[in-house]
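Work through the exercises below with the sequence and the 3D view side by side. Try each task before you read its solution.

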Amino acid sequence: QVQLVESGGGLVQAGDSLRLSCEASGRTVSRYFMGWFRQAPGKEREFVASIAWIGGMLYYADFAKGRFTISRDNAKSTVYLQMSSLKPEDTAVYYCAARPMTSTEYAHWGQGTQVTVSS
């Protein structure tokens, strides 16, 4: 099992920045792809960004490119999502997730952290 704990959410104003953290523990996390997803009220959960522990391959949703940056600290088993130029439409619960490198399914999820961007 992989346990994921997110932190860093909060209430910010449009244009502000925020950094989310996801601490991973449990099975060999280095063999996992780590992803950030979000779900706004009344909408489906959507992919934001992902990163591999080994090699650092990065993927971003189109809306995240240029504003969001995913990174990792292997020593701390922590993945970050740096968000800048936040917009009210970025308001959502943000989830951290993990999937084995050999799988396409994210099998492990954190509890989520609320990000609210006021206009």
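**Exercise 1.** Is Arg38 buried or exposed?

*Solution.* Start with the source. This is a predicted model, where local features need pLDDT of at least 70, side-chain atom pairs count only at pLDDT 80 or more, and totals for chains, interfaces and linings use all residues. Residues are numbered from 1 along each chain as its sequence is written, and side-chain values use heavy atoms, with hydrogens and water left out.

Next, the scale: buried means under 20% relative accessible area, exposed over 50%, partly exposed in between (1.4 Å probe, protein chains only). Arg38 has a relative accessible area of 7%. Arg38 is therefore buried.

**Exercise 2.** Find the salt-bridge partner of Arg38.

*Solution.* Take the cut-off first: a salt bridge is a side-chain nitrogen of Lys or Arg within 4 Å of a carboxyl oxygen of Asp or Glu. The side chain of Arg38 meets that of Glu46, at 2.7 Å from N to O. Glu46 is partly exposed, at 32% relative accessibility.

**Exercise 3.** How many salt bridges does the structure hold? Trace those of Asp62 and Arg67.

*Solution.* The count is four. Asp62 pairs with Lys65 at 3.2 Å, N to O. Both Asp62 and Lys65 are exposed.

Now turn to Arg67. Its partner is Asp90, with the closest N and O atoms 2.8 Å apart. Arg67 sits in the loop between strands S6 (58–60) and S7 (68–73), and Asp90 in the loop between S8 (78–83) and S9 (92–100), so the pair ties together parts 23 residues apart in sequence. Strands here are DSSP runs (E, at least two residues), numbered from the N terminus. Arg67 and Asp90 are both buried. Through shared partners, salt bridges join Arg38, Glu46, Arg67 and Asp90 into one network.

**Exercise 4.** In what order do the four strands of the open sheet run?

*Solution.* Recall the rule. Strands of a sheet pair through backbone hydrogen bonds, either parallel or antiparallel. Two strands count as paired if DSSP finds at least two bridges between them.

The order is S1-S3-S8-S7, with antiparallel pairing. S1 (2–7) and S7 are the edge strands, each pairing on one side only. Look at one pair: S1 and S3 (residues 18–26) are joined over six bridges. There, Val5 has Glu23 in S3 as its bridge partner.

**Exercise 5.** Where is Met101 found?

*Solution.* Met101 is in the loop between S9 and strand S10 (108–109). Its relative accessible area is 34%, so Met101 is partly exposed.
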